[in-house]
Amino acid sequence: MESSSTGTGTGGARRQATRQKLYEAAVTLIAEQGFSATTVDEIAERAGVAKGTVYYNFASKTELFEELLRHGVGLLTASLRTAAQETEARGGTRIEALDAMIRAGLVFIDRYPAFTQLYVAELWRTNRAWQSTLMVVRQEAVAVVETVLREGVERGELSTEIDVPLTAAALVGMVLVAALDWQAFQSERSLDDVHSALSLLLRGRVSGSR
């Protein structure tokens, strides 16, 4: 999973590259066999680094996983925000911004399917050490959608009757679940095809237009 920022200087860049390897190794292994069954030794071996390197970057396997969640959802949030900003820059409507965000979400999920599966699975689990972190990063992603929805209401593009927090959560959930279903059961369909289907749903259920 690519980083949204780089470290300062050669040392920072090197450490970021190492963390990148550890994130990729961890997400693949944990998606394959679960958090409890995955060991630090396996993560180090998959990443091609010494076990001590893992502990140099993270205090524990739990901290590594927690930072992985922050990192992954942070990338998703950034991609959603960029899609909205680019639509605004070219004079697009807020409905068009939401549509662009749906596509950005699909592109992210198509690029990082293992992380997405892991993230969705963790949303339904309780009593995890990283649950509070998960809720924070989830809200950061949903908040980007909430902002666009509120702007749409203010500009008269969307109904004042919509429940912004719930609608934002529903849109994010729609993209996550639809994308996972696409990859698991309808993999022959293209990203453009899936986006078109969700775009029609957005415009029919949210904007009320035909």
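A residue counts as buried when its relative accessible area is under 20%, as exposed when that area is over 50%, and as partly exposed in between. In the predicted model described here, Thr 167 has a relative accessible area of 18%, and Thr 167 is therefore classed as buried, since this value falls under the limit of 20%. Thr 167 lies in helix 8, and, when its neighbours within four places in sequence are left aside, the residues in contact with Thr 167 are Leu 149 and Ile 162. Leu 166 is also found in helix 8, but with a relative accessible area of 57% Leu 166 is classed as exposed, because this value is over 50%. Between Leu 166 and Glu 146 the separation is 20 residues in sequence, while their C-alpha atoms are 8.9 Å apart in space.

The confidence of the prediction may be stated before further detail is considered. Across the chain the pLDDT averages 90, and 93% of the residues score at least 70. Confidence is highest in helix 5, with a mean of 96, and lowest in helix 9, which comprises residues 191-207 and has a mean of 85. Where pLDDT is low, the predicted coordinates should not be read in detail.

Helix 1 spans residues 9-33 and contains Tyr 23, which is buried, with a relative accessible area of 4%. Apart from neighbours within four places in sequence, Tyr 23 is in contact with Phe 58, Leu 64, Glu 67, Leu 68 and His 71. Tyr 23 and Gly 72 stand 49 residues apart in sequence, with a distance of 9.0 Å in space from C-alpha to C-alpha.

Glu 67, one of the residues in contact with Tyr 23, also takes part in a salt bridge with Arg 70, in which the closest N and O atoms are 3.5 Å apart. Both Glu 67 and Arg 70 belong to helix 4, where they are 3 residues apart, or about one turn of the helix. Glu 67 has a relative accessible area of 24% and Arg 70 one of 38%, so that both residues count as partly exposed, each value lying between the limits of 20% and 50%.

The structure holds 10 salt bridges, among them the pair of Glu 67 and Arg 70. Another of these interactions joins the side chains of Arg 155 and Glu 88, with a distance of 3.3 Å from N to O. This pair links distant parts of the chain, since Arg 155 is placed in the loop between helix 7 and helix 8 whereas Glu 88 is placed in helix 4, the two residues being 67 residues apart. Arg 155 is partly exposed, at a relative accessible area of 42%, and Glu 88 is likewise counted as partly exposed, at 36%.

Arg 150 counts as partly exposed, at 39% relative accessibility, whereas Glu 146, at 10%, counts as buried. Glu 146 is also the residue whose C-alpha atom lies 8.9 Å from that of Leu 166 in helix 8.

The structure holds 1 cavity of 30 Å³ or more, and the volume of the largest cavity is about 150 Å³. The lining of the largest cavity is made up of 13 residues, of which Leu 80, Met 101, Leu 171, Val 172 and Val 175 lie nearest its centre. At least two residues of this lining are supplied by each of helix 4 (61-89), helix 5 (94-111), helix 7 (131-154) and helix 8 (164-185). Helix 5 gives the most to the lining, with 5 residues, and helix 5 is also where confidence is highest. In terms of residue type, the lining of the largest cavity divides into 12 nonpolar residues and 1 polar residue, with no charged residue.

Definitions and conventions
Residues are numbered from 1 along each chain as its sequence is written. This is a predicted model: local features need pLDDT of at least 70, side-chain atom pairs count only at pLDDT 80 or more; totals for chains, interfaces and linings use all residues. Side-chain values use heavy atoms; hydrogens and water are left out. On a 1 Å grid over the protein atoms alone, a cavity is a set of points where a 1.4 Å probe fits but cannot get out, and a pocket is an open set with protein on both sides within 12 Å along at least five of seven lines; lining residues have an atom within 4 Å of a point. Grid points are joined across faces, edges and corners, and a volume is the space filled by probe spheres set on the points. Helices (H or I, at least four residues) and strands (E, at least two) are DSSP runs, numbered from the N terminus. Ala, Val, Leu, Ile, Met, Phe, Trp, Tyr, Cys and Pro count as nonpolar, Asp, Glu, Lys and Arg as charged, and the others, Gly among them, as polar. A salt bridge is a side-chain nitrogen of Lys or Arg within 4 Å of a carboxyl oxygen of Asp or Glu. Buried means under 20% relative accessible area, exposed over 50%, partly exposed in between (1.4 Å probe, protein chains only). Contact means heavy atoms within 4.5 Å. pLDDT is the predictor's confidence in each residue, from 0 to 100.
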